[in-house]
Amino acid sequence: MEACQCEAKWEELDQIIAAHRGQPSALIEVLHQAQDLIGYLPRQVQIAIAEGLKVSLTEVYSVISFYHHFTVKPKGKYQVSVCKGTACYVKGSPEILERLQKELGIKAGDSTDDGKFSLEVVRCLGACGLGPVMTVNKRAYGLLKPDKAAAILKTYN
Ligand code: FES
């Protein structure tokens with residue numbers, strides 16, 4: 001079985017599952033609660049949820065893959081969030097995201113293998129005038145260009 005940092009939370013997870021036992025329609029809700037609890041959705045958790053709610057593991061996995069919000073890897077030490085809200089989008093956030101994906105060697109929704117960075121796409125960070133915007137953990141950076149975004153990333157190495 002792969003390593004999982006969820007043992008300590010297992011009892012609480014059991015309670016979440018028990019509250020929705022045999023209810024396939026509660027799948028998204030349970031996945032949300034489980035991710036809020038553990039931080040991500042490792043395979044053991046997916047299996048427990050599938051068994052508890054009486055849905056197939058394939059179904060659990062397809063829901064997780066469909067929603068960017070869900071992740072099967074622990075979040076990195078530095079959470080990089082790129083805004084793809086309308087204002088940032090038209091000012092070039094797709095190029096920022098593309099460059100960061102290239103720099104980190106991962107796609108949005110994923111984490112680097114060394115556990116240092118995770119990358120995600122978010123909607124409007126509330127600083128549209130400074131678009132394109134990204135945050136690293138809680139710190140915001142605006143008026144980005146691809147080179148500037150890559151240089152910011154390097155300061156976290
Ligand atoms: S659209 Fe990006 S901060 Fe509002």
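User: Which residue in strand 3 does Val80 stand opposite?

Analyst: This is a predicted model, and in it strand 1 is joined to strand 3 (residues 134-136) by three bridges, the two strands running antiparallel. Within strand 3, the residue that Val80 stands opposite is Val136.

User: Which residue of strand 2 stands opposite Val82?

Analyst: Strand 1 is also joined to strand 2, here by six bridges and with the strands running parallel. Opposite Val82, the residue in strand 2 is Val121.

User: Why is strand 1 described as largely enclosed by the rest of the structure?

Analyst: In a regular strand the side chains alternate between the two faces of the sheet. On one side of strand 1 lie Tyr78, Val80 and Val82, and on the other Gln79, Ser81 and Cys83, all of them buried. Strand 1 (residues 78-83) is therefore largely enclosed, the count of its buried residues being six of the six.

User: How many residues of helix 3 are buried?

Analyst: The buried residues of helix 3 include Val45, Ile49 and Leu53, and what covers the buried residues includes helix 1 (10-19), helix 2 (27-38) and helix 4 (57-66). Helix 3 (residues 43-53) is largely enclosed by the rest of the structure because its buried residues number eight of the 11.

User: Where in the chain is confidence highest?

Analyst: The mean pLDDT of the chain is 92, with 96% of its residues reaching 70 or more. Confidence is lowest in strand 2 (residues 117-122), at a mean of 92, whereas the highest value, 98, belongs to helix 6 (residues 93-104).

Methods
Residues are numbered from 1 along each chain as its sequence is written. This is a predicted model: local features need pLDDT of at least 70, side-chain atom pairs count only at pLDDT 80 or more; totals for chains, interfaces and linings use all residues. Side-chain values use heavy atoms; hydrogens and water are left out. pLDDT is the predictor's confidence in each residue, from 0 to 100. Helices (H or I, at least four residues) and strands (E, at least two) are DSSP runs, numbered from the N terminus. Buried means under 20% relative accessible area, exposed over 50%, partly exposed in between (1.4 Å probe, protein chains only). Contact means heavy atoms within 4.5 Å. Two strands pair if DSSP finds at least two bridges between them.
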